[in-house]
Amino acid sequence: MANNFKEESIEEINIIMQQSQSAFEAYQKTSAEQKALFLEAIADEIEAIGDALLQKASEETNLPLPRLTGERARTTGQLRMFAGMLREGSWVEASIDTALPDRKPLPRPDLRKMLVPLGPVVVFGASNFPFAYSTAGGDTASALGAGCSVVVKAHPAHAETSEMVYQAIKKAIVSSNMPEHVFQHVHGTSFESGKALVKADDTAAVGFTGSTVGGLALLQYSSERKKPIPVFSEMGSINPVIFLPDTLNKNAADLAAQYAGSITLGVGQFCTNPGLMLAVEGEGLDNFYKLLGNGIEEIKPAKMLHAGIHSAYEKKSHAALEQSGVTSVVKSATEAIDIEAQPTIALVSAETFLENHLLHEEVFGPYSLMVACKDEQELIKVLKSVSGQLTTTVMGTDDDFAGHSSLLQLLPSIAGRVLFNGVPTGVEVCASMVHGGPFPATTDSRFTAVGINAAKRWVRPVCYQNCPDALLPLALQQANPTNIWRLFDGEWKK
């Protein structure tokens, strides 16, 4: 992961964050339309780089060009989505309760509330998404859309790709007449530079996608500040999938093909990879596992993102497979070479799983563990033992769903997204998506890292009491000059 980019000193990082604060203050003077045009200009500039950007990203990450082409489209699409959010305007959640001077026994003052941006946001690029969760990814797009300035720490695994996107953003800043330092970019491989970014006095919030160790370190840095700040870390998730009996008996072949593909998609390098499967013992499970194994054997190993991730996969998968009680290990029939990952599944009893917490840990890569349970009660016990997740999935027929109401009621407490008859890999970028979940899936389960509501990580509510109309933000002025939906004396109105 070595690169030739200079690593900023702590003093330089403090200056960068001071510049970001000044830019934040200037950015507040730009209109929603100007911000929207800025986001669209970033998308245009990224697309203007053309195939050179895709080729560089593929060279640095080993990801295939079709995957990167789709990810670039997702990245520019979400930039334009936040531009649309700004133009529509209701995301600020404006609410107005007009004065009631004659109310007895106490009059009510005029009260008007809306969401306002926090300030400079530090974003840490993710290793597994060189576009969508990195320099101009969802954290950056949502923070700029919310009205915050942004400083991105490039991920060293694709530093040159990140630099190319940064240059595109710089062009958009100039063409859109935005404050020069509204977006800044730093490189670095040391923990000290990341720590300095979080601890800088002017940093107002942090966005991170990566390991549990990394995410918790950033949370710790925040807690050590004189003024702690919000840290949204998206961390580990094993995304349990429950296979109910009737669908196993009726649809084993289709389920096996579906999940062999999902487990190995992108060499398993998705935070939504189905790393844990649960089912009740029986002929249906036996048949499904055999068919799934056949599918896994046919899938060839592929290169992982970089040597560090490959090393972690080898270490963690071997440790899990060596645990007592882990049996029926099935691997790709093709041997892996270099930094290729060998697709692998294994089987364990619920009793063993419950006794061995190591088996609960994420193995980042094309790996999944099947837990065989004696009955539904034991399956529920296993599910309750698993920590917070980004997703949980249930595969079943209508008869299955009708007969497992207690299990289904449990699922929303486990994860931020509950899926029925699908695969967790694949995250749609839209208003209804939740990409978050109870700890340790994220450090704050109240928010999502994907979709329009991702902007709410970077804002806070402010109430204006008896404020003269001319001094109010446009969204709260009596005439509603921005023509947005507002909660006006308890009713939604324009």
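Helix 9 and helix 10 cross in the right-handed sense (the near helix is turned clockwise from the far one by less than a right angle). Both come from a predicted model, where local features need pLDDT of at least 70 and side-chain atom pairs count only at pLDDT 80 or more, while totals for chains, interfaces and linings use all residues. Residues are numbered from 1 along each chain as its sequence is written, and side-chain values use heavy atoms, without hydrogens or water.

The contact (heavy atoms within 4.5 Å) includes Leu248, Tyr259 and Ile263 of helix 9 and Phe288, Leu291 and Ile296 of helix 10.

Over to strand 4 (residues 150-153): Val150 and Val152 point one way, Val151 and Lys153 the other, and all are buried, that is, under 20% relative accessible area with a 1.4 Å probe, protein chains only. Strand 4 pairs in parallel with strand 3 (residues 121-124) over four bridges, pairing being at least two DSSP bridges. Val123 sits opposite Val152. Four bridges also join strand 4 to strand 5 (residues 183-186), again running parallel, with Val151 opposite Gln184.

Notes: Helix = DSSP H or I, 4+ residues; strand = E, 2+ residues; numbered from the N terminus. Buried < 20%, exposed > 50% of the residue type's maximum accessible area, 1.4 Å probe, protein only.
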